[in-house]
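Have the model open while you read.

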Amino acid sequence: MLLRPLALGALLCAALPARAASPLEEAIFELEDGPFYVLLNEGTYGVEGTTYDAADVNQQENFFYSFRLSLELRPWERHGLVLLWAPLPIDTTATLDESINFRGTLFEAGETVESSYDFDGYRGTYLYRLVDADAFSWDIGGALQIRNAYVSLRSGDGATYAQRSDIGIVPAVATRIFWWPAPSFYTHLEATGLSSFGIGDADGGLYDVALSIGLPLDERNDASIFLRTRVYGGGVDLSDDTVETWASFLFLTAGVRADLVGLIDRL
């Protein structure tokens, strides 16, 4: 895909003036991509809406594909800011076994519908390095995620259409561990999440947990490749009963991690 090389070039160009303007310790770029599977995706849209799940609209018949881009800036050794873009598109076609009321629009049983579910995330995370040893590091901090959600159903002939879209801000806590059992590989565990525990007008939550195994490509570890598995999901239940949706996704991705500061220093 053309998008990923362009994004890499843009991030690299952005890092060059940042390096010149301030002595960054690190500027770490990550790209991961690969298939994901819908473990759960259940939603009710509208006060009298019908609850339907992933199986009802064929979201569990196939794997889907997505990627993530992140840039971690470390102006000081123990302080880091991670900027993340995580698109998550799911488009399917299904013949309904049962009727679905979606925000007052009725899609009849036996009707062919096109379902779209986009759950894009934009996240900023601050991390403080609590432990910094030769073969082990532990970061803790907080995150703020902007959730850009879009859900729609459209009849096969295009005559019936309904959608729900919104933008939400989700605060969370974050932690990350790097461990080097040997110089030839490392393991990486990261977790971001929070639950509202029913406080306020919405009962919601977010979780994003990933485990990686990485292989350095050079002695300085300015670049590495990795394999990663991730569980990502969350949801919201609004007190006015207009929306209740919960989802969970399982990822298996491969990626590259590069310290742009280290690579630029070699030029």
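1. The side chains of S248 and Y207 make a polar contact of 3.0 Å (N or O atoms within 3.5 Å, where within protein one must be able to donate a hydrogen and the other to accept it, and residues adjacent in sequence count only if both atoms are side-chain atoms). S248 sits in strand β13, residues 243-259 (strands are DSSP E runs of at least two residues, numbered from the N terminus). S248 is buried at 8% relative accessible area (buried means under 20%, exposed over 50%, partly exposed in between, with a 1.4 Å probe and protein chains only).

2. Before going further: this is a predicted model, where local features need pLDDT of at least 70 and side-chain atom pairs count only at pLDDT 80 or more, while totals for chains, interfaces and linings use all residues. Residues are numbered from 1 along each chain as its sequence is written, and side-chain values use heavy atoms, leaving out hydrogens and water.

3. There are 17 salt bridges in the structure (a Lys or Arg side-chain nitrogen within 4 Å of an Asp or Glu carboxyl oxygen). In one of them, R176 and D139 come to 2.6 Å, N to O. That pair links strand β9 (residues 161-182) with strand β8 (residues 136-155), 37 residues apart, and both R176 and D139 are buried.

4. Which residue forms a salt bridge with R123? D208 does, at 2.9 Å between the closest N and O atoms. D208 is buried, at 2% relative accessible area. D208 also forms a salt bridge with R230, at 2.7 Å.

How values were computed. Helix = DSSP H or I, 4+ residues; strand = E, 2+ residues; numbered from the N terminus.
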